[in-house]
Each structure stands twice: as C-alpha cells, then as structure tokens.
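Dear colleague,

Please find the structure below. My notes on it follow.

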Amino acid sequence: MPLRTGTTRPISLLLSTVLAAATLTGCALLELARDCEGTDGRVKEMAALDILNSRPDGAAVARGFEEVDAGCWADSGDVVVYAGRTYTFPGTQAEVTAHYRTAAVRDGWNPDPEALPVDLCFTREGRALSIVFLTAERLAEDGHGSRPDLTTGAGYSLSIDSYVNSGAEASC
C-alpha cells in the first residue's frame, strides 16, 4: 500500500529538523564541556592559594560556605577557572579592607591599577583577586536568600579568576 506524500512530507521535515537541532545542540553542549577539559589541576591550584584562607581576626567561614568554591566555566570562547571563599565578620568593612590591603601585597598580589580606589582588587600572575562586601540584594541575586549573618557587620567574599588559553589579562 503506497504512502500518501501529503502526510509524509511534513513528518519527514519535522523529523529532519528535530534530528538537526539535536545534533547541533549536542555538539554545542559537548564543545562547552570540552572547553574546561584539562583544567582540573589549575582549579585545584587556585583553590589552594593561601590568600583564600587569610582573614582578619574574628572572621569566620560562613555557614553553608565551608568549602572553597572552585571550578571552571566557559562562555563565548572564554574559559575561566575560579576559586572563592565567603566569610562573616563582626567588625567593619574598613577593618576587612585594611587586612586585605596588607595581606594581599605581602602574598605577592598587586593592586589593580585600573580599579577604583574603593575597590579591593589585586592581580598576580594572570589572576585577579577581588573582595566584595555582601548585601541582602547581592545575596538574593546569587540565590542565597536573606542571610543576616552575612549582612551584619562586614560579610564578604573573596574570589580569584583566571582566563585559560585566551591571552586575556586578568583584571577586576
């Protein structure tokens, strides 16, 4: 019994489109995953940097952030490895700032010449270190909800980023 071509053409076209989309999407997803291939060692190296464990007296690792957050992400051809820590501190932002201006320089970090004077941003060996004070708004944007322990006093996070094989200079 012959098939009616009026019915098979739309189905053939639909199946061809689905197959092409699946193939293209699958390749794109594989390509994104492949971009971070081979960065495990560099991610571990970043997570072990001493500056991530430096903190002013009285600062504590924030609840829920006990481990260094480290990994790799790829977007639009850029591949970045990162590591970060989040701390609570009952003191002031000025005390945190004073601590890191001294500790970072002592650890070989240089103030980023392009950063604003109020920003805590340093560079070293193709890496950028930034210290950011946390607000309720910033925590909500990052999906951490309301955390009074991080917005009372001077809750803050340190993050280090480094581009992989792109030739881009690290900056804040």
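Arginine 124 lies in strand S5; strands (E, at least two residues) and helices (H or I, at least four) are DSSP runs, numbered from the N terminus. This is a predicted model: local features need pLDDT of at least 70, side-chain atom pairs count only at pLDDT 80 or more, and totals for chains, interfaces and linings use all residues. Residues are numbered from 1 along each chain as its sequence is written, and side-chain values use heavy atoms, with hydrogens and water left out.

Arginine 124 has a relative accessible area of 15%, so it counts as buried (under 20% relative accessible area; exposed is over 50%, partly exposed in between; 1.4 Å probe, protein chains only). Setting aside neighbours within four places in sequence, arginine 124 is in contact (heavy atoms within 4.5 Å) with Leu49, Asp107, Gly108 and Trp109.

The buried residues of H3 are Val96, His99, Tyr100, Ala103 and Ala104. They cover an arc of only 110° around the axis, which puts them on the same side of H3; the arc is that of the directions from the helix axis to the C-beta atoms. Ala94 and Arg106, on the other side of H3, are exposed. The cover over the buried residues of H3 includes strands S3 (78-88), S5 (120-124), S6 (127-133) and S7 (156-163).

As for the whole chain, it has five helices and seven strands, and 32% of its 172 residues are buried.

Regards
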